[in-house]
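I opened this entry to look up strand pairing and charged contacts. My notes follow in the order I took them.

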Amino acid sequence: MSDPNRTQLGSTPVADPNRTMMGTAPTLNATVTIKPVQCTVCKTFNPAGVMFCVDCGLIFDRALPADAFGAPAVQLPMVVDSSGREQPIRPGANIVGREGDIMLTDSRISRRHAQIESADGVLTLEDLGSTNGTKLNGSALGPGEKQTVNGGDTVSFGGYEVRISMPGDPGANATGVISSNKTAAIAAPPRVEVAPARLVGEGHDHPLKEGTNTFGRKSDNDVAIPDPYVSGRHGVIEVADDGYYITDVGSTNGTMVNDAKLSPNMRTSITASDVIRLGSLELRILPVDRDQD
């Protein structure tokens, strides 16, 4: 018989599942700000952590800007066209063409026109047997010939010129610093730049610059046409010395010129009397007299 005055050792008490348990409060330092990733080509904002653009399909790979997890931005060399549009040159081989890793939608460029290889900070350019050839700083490359490319070099793909920009190079968009506080006199007053032509239609009047003008539904086009029947990147209008040219770059609903549907990626000559139809829109190209004040 046990002694009632003796201390008895028992098992560890079991927590009552119905009893409210007090825990520690969450720390404010655990909050993480998630930032979207902006595509360098179509400018679409994508959810953090994705490896490709949800709109145009561009593969980000290691070219993500400073991401949501605090990783440093990876700076890559860029291909910069005359409009200032930049496309990254990723490590390894980059196909340049109308259907390449670096996509240039000019009709003079072959589908697989050339290759730029990036290895250990060195860029190498190679022509892949293109129809209209490749030039580096004005010198033509033979098919299969490789040349080293440096920052600031100019590359012509069948006549379509781009510039190579390396990380750390002063870009075309950099703001210049004036070293003197003195006011410099100018010989003549500045002139307002007049567009050589305009794309006009009902409710539309868009200036066209010399060279290539992209048009489509997205706002980053040279000519933005917010119409549901117009693709995000619909086509290109070229203002050249010998006239006007239009190219459909594979739009969903196509491009009509005088009721004839254009074949995709076919550069077609047009005049001011021709009617361009995009869905229900009717547009014309009108030349501008630059001598008018």
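I began with a term: two strands pair if DSSP finds at least two bridges between them. The model is predicted, and I read every value with that in mind.

**Entry 1: β23 and β24.** I looked up strand β23 (residues 276-278) and strand β24 (residues 281-287). They pair in the antiparallel sense over three bridges. I then asked which residue in β24 is the bridge partner of isoleucine 276. I found leucine 283.

Entry 2: I traced the strand order next. Six strands form an open sheet, running β15-β14-β24-β23-β20-β21, with antiparallel pairing. I noted β15 (204-208) and β21 (260-261) at the edges. Each has a single partner strand, so one side of each has no neighbour in the sheet.

Entry 3: I moved to strand β7 (residues 114-119) and strand β8 (residues 122-127). Six bridges join them in the antiparallel sense. Alanine 119 stands opposite valine 122 in β8. The two strands form a hairpin with two residues between them. In the turn I picked out aspartate 120, which has a positive phi of about 55 degrees. I followed β8 to its pairing with strand β11 (residues 146-149), antiparallel over four bridges. There, threonine 124 stands opposite threonine 148.

**Entry 4: salt bridges.** How many salt bridges does the structure hold? I noted eight. I looked up one of them, between aspartate 222 and lysine 209, at 3.1 Å from N to O. Aspartate 222 lies in the loop between β16 (211-216) and β17 (223-224), and lysine 209 in the loop between β15 and β16, so the pair ties together parts 13 residues apart in sequence. Aspartate 222 is partly exposed at 36% relative accessible area. Lysine 209 is also partly exposed, at 30%.

Entry 5: I went back to β23. Arginine 277 forms a salt bridge with aspartate 259, with the closest N and O atoms 3.0 Å apart. Arginine 277 lies in strand β23 and aspartate 259 in the loop between β20 (256-257) and β21, so this pair ties together parts 18 residues apart in sequence. I also found a salt bridge between glutamate 282 and arginine 277, at 3.1 Å from N to O.

Arginine 277 is partly exposed at 22%, and glutamate 282 is partly exposed at 43%.

Notes:
Residues are numbered from 1 along each chain as its sequence is written. This is a predicted model: local features need pLDDT of at least 70, side-chain atom pairs count only at pLDDT 80 or more; totals for chains, interfaces and linings use all residues. Side-chain values use heavy atoms; hydrogens and water are left out. A salt bridge is a side-chain nitrogen of Lys or Arg within 4 Å of a carboxyl oxygen of Asp or Glu. Buried means under 20% relative accessible area, exposed over 50%, partly exposed in between (1.4 Å probe, protein chains only).
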